[in-house]
Amino acid sequence: MPRFLHCAVLLLLAGSVLAQSSPGKKAAKPGVAQDAVNPDDMVIVVRGACQTPPGEFAVRDCIRGVTREEFEALVAATNPNATPEYRRKLAENLGRVIILSNEAKKRGLPKDPKVRELLRMVQLQELAGLLLSQSASDNTTYVPDTEVEEFYRSHLGDYQSAELVRLTIPRKNPADSSAEDATYAEAIRSRCAAGEDPAKLQGEAAQRVNRSVTSPEDLKNQRPAQYPDAQKKVSQLKPGECVLFESDKSDFLIYKMVAMTQTPINEVRGSIVKAMESARMKNELDSLMQQNVITLNGKYFPAAPTTTPAPSAPK
């Protein structure tokens with residue numbers, strides 16, 4: 001579909017949803033104060049856009065425009081707390097919509113079956129989007145301090161920040177998960193927990209397998225959520241403690257806890273409230289989806305083809 005056609009479809013939908021015709025009202029006088037503008041006075045005027053019958057907003061004497069009442073209804077629907085800058089920008093954009101949607105009608109787009117289908121689909125999508133926006137707005141309510149405190153206590157780990165040191169302990173043979181390597185890595189972990197210098201320990205481990213010596217990694221501002229479930233023990237460490245993780249065919253990793261900081265509840269109250277609002281909205285939408293069942297006609301929509309893994313290359 002041509003780009004103009006696609007844009008015009010959106011403009012036509014905007015006109016049909018946001019506008020109502022108001023024939024027979026006189027034009028506003030230029031230069032009057034806002035308080036002196038009557039509800040039926042035009043506040044946006046477009047000349048030269050009257051070659052089709054009236055259908056959107058006010059049309060008077062071959063001048064198409066938007067009255068104060070119509071414009072303020074639009075502002076109330078889109079942004080009730082709009083600034084003067086927003087209102088002016090909205091008015092300028094609305095003028096362009098009037099011009100382009102009128103041109104679309106002159107080209108007969110509303111009679112095109114493809115356009116009608118697109119309008120119907122776009123309207124459904126807009127309604128779905130409005131429902132989500134409304135749900136988000138409805139869930140933006142006062143949250144009692146007791147609920148915030150309960151959420152904070154049950155998610156303490158989310159508001160902790162850890163400072164860690166990570167040591168890498170290589171295997172002698174990465175392709176072989178020998179017990180010797182595991183025993184050596186555990187010995188290094190014990191020495192780490194006893195307070196030995198992490199740089200010295202990693203240096204010894206590198207020399208054992210003839211690798212270049214590198215420094216341990218200093219990890220700042222670490223959150224428990226950053227780590228996979230298999231490494232959740234990191235967040236449970238106390239300062240000075242060390243934990244070892246191993247993989248069958250890769251290096252061992254040792255984490256040493258340097259310090260753990262708990263963010264006070266008063267510093268994260270805003271984020272907690274937002275998280276609770278999001279959870280409520282998700283629960284509401286999940287409940288709605290569970291009450292309705294989507295079924296596709298298997299005769300019309302065949303099952304997605306299963307992908308067969310490619311055969312492995314011969315060794």
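Modeller: A salt bridge is counted where a side-chain nitrogen of Lys or Arg lies within 4 Å of a carboxyl oxygen of Asp or Glu. In this predicted model, the structure holds 18 salt bridges. The general idea is that side chains of opposite charge can pair when their charged atoms come close.

One of these pairs joins Arg68 to Glu72, with a distance of 2.7 Å from N to O. Both residues belong to helix 2 (residues 68–78), and because they are four residues apart there, about one helical turn separates them. Glu72 has a relative accessibility of 30%, so this residue counts as partly exposed.

A second example is found in helix 8 (residues 265–290), where Asp286 and Lys282 are likewise four residues apart and therefore separated by about one helical turn. In their salt bridge, the closest N and O atoms are 2.8 Å apart. Asp286 is partly exposed, its relative accessible area being 31%.

Salt bridges may also share partners: Lys172, Glu180, Asp181 and Arg208 are joined in this way into one network. Within this group, the side chains of Glu180 and Lys172 meet at 3.0 Å, N to O. Glu180 counts as partly exposed because its relative accessibility is 45%; Lys172, with a relative accessible area of 48%, is partly exposed as well. The cut-offs explain these labels, since partly exposed residues lie between the buried class, under 20%, and the exposed class, over 50%.

Definitions and conventions
Residues are numbered from 1 along each chain as its sequence is written. This is a predicted model: local features need pLDDT of at least 70, side-chain atom pairs count only at pLDDT 80 or more; totals for chains, interfaces and linings use all residues. Side-chain values use heavy atoms; hydrogens and water are left out. Helices (H or I, at least four residues) and strands (E, at least two) are DSSP runs, numbered from the N terminus. Buried means under 20% relative accessible area, exposed over 50%, partly exposed in between (1.4 Å probe, protein chains only).
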